Amino acid sequence: MKDGLDNLMGAIGDTLKTAPTLYEDSLQPTVQEVGKFVARIPRAINAAFSGLDKWILNKEYNVDETKKLLAQKLENVNPEKIVEPEPYVAVPAIQAISYSMNNEELRNLYANLLAKAMNSDTKDMVHPSFVEIIKQMSPIDSLILKEISQSKFLPLVDLDVKEYESTNLNIIPTIEKIAQRYSYPNVTYISFTSYESILISLDNLLRLRLIEERFSLNQHIPQSIQDSSSYITYKKELQNLMVSSNWKYNESLHSVTLSFLGMNFCDICI
């Protein structure tokens, strides 16, 4: 064990002896360029963390801003009904809102939650899981959930085309097999963000159990969807694939609505 330690210390000593030479080599043009590149990395990291540094410096400011928001939310509440919120709701909510002060949508969700937790009439309706739910939401999630809450439901249409192959069998005369299929699911009238963002948000809201799917027997596509650029573009694209009678185009209407959890969450936070 002693020999191993002696060897290690000896190697460190040899490295220290050659250090001046290594330093001189760094003055060579090629090594200098590499050094300049490496030096940019800490600067890039510092730039990436500038927002977090600002948050740390402004933590007290953010707490004060939160109090101002709560004053606005509670201005029409009888002062006698303003009570101390439960710590298991207020502490994580105050911590989380300080991270979201630069985003109006998320900031309002937390502020509404805190305001309801400080109102004796609504305090018992505030579930501690609501804080964790907001943490897992994006601003787009919030906007889509607000749209569903205001409209009561969000109509969606699945567009697809299938190419069929026909196979003749003795027992069953004809069995249609799908050779190819192209589709655009969950096309809707929402236009404030991209189609891909809408799909991600709907999946996330379903995962959080704030919304649930409903299937409609009425196949009439709402005019709001028919007029949307997404519907027009994707329908045309799919129909252009139908180069023979083996191709069939189909539209399937369904919707999403608030779940019971979603209704309570919206009552408190939206």
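This is a predicted model: local features need pLDDT of at least 70, side-chain atom pairs count only at pLDDT 80 or more; totals for chains, interfaces and linings use all residues.
Which residue just after α8 takes a positive phi? I looked it up: K152 does, with a phi of about 75°.

**Helix α8**

I checked the length of α8 next. I then listed its buried residues and got D141, S142, I144, L145 and I148.

**Helix α12**

I went on to α12, residues 260–269, where G262, F265, C266, I268 and C269 are buried. Looking down the axis of α12, I see these buried residues fall within an arc of 165°, so they line one face of the helix.

**Aromatic pairs**

How many aromatic pairs does the structure hold? I get 5. One of them is F130 with F265, an edge-to-face pair at 5.4 Å centre to centre with 85° between the planes. This pair links distant parts of the chain, since F130 sits in α7 and F265 in α12, 135 residues apart. I looked up burial for both: F130 has a relative accessible area of 2% and is buried, and F265 is buried at 0%.

Then I turned to Y184 and Y234. Their ring centres are 4.0 Å apart and their planes are at 10°, so I put the pair down as stacked. Y184 is in strand β2 (residues 174–187) and Y234 in helix α11 (residues 229–239), so the pair ties together parts 50 residues apart in sequence. Both of these tyrosines are buried. I also noted that ring pairs join Y184 and Y234 with Y195 in a cluster.

One more ring to jot down: K248 lies over the face of Y164, 5.2 Å from the ring centre.

**S100**

Last stop was S100, in the loop between α5 (87–99) and α6. Is S100 buried or exposed? Its relative accessibility is 9%, and under 20% counts as buried, so S100 goes in the buried column. A polar atom of the S100 side chain lies 3.4 Å from the backbone oxygen of A96. Leaving aside neighbours within four places in sequence, I find S100 in contact with L106, R107 and Y110.

Terms used
Residues are numbered from 1 along each chain as its sequence is written. Side-chain values use heavy atoms; hydrogens and water are left out. Buried means under 20% relative accessible area, exposed over 50%, partly exposed in between (1.4 Å probe, protein chains only). Helices (H or I, at least four residues) and strands (E, at least two) are DSSP runs, numbered from the N terminus. The arc is that of the directions from the helix axis to the C-beta atoms. A polar contact is a pair of N or O atoms within 3.5 Å; within protein, one must be able to donate a hydrogen and the other to accept it, and residues adjacent in sequence count only if both atoms are side-chain atoms. Contact means heavy atoms within 4.5 Å. Rings of Phe, Tyr and Trp (its six-membered ring) pair if their centres lie within 6.5 Å; planes under 30 degrees apart count as stacked, over 60 as edge-to-face and the rest as tilted. A charge sits over a ring if NZ of Lys or CZ of Arg is within 6 Å of the ring centre and within 35 degrees of the ring normal.
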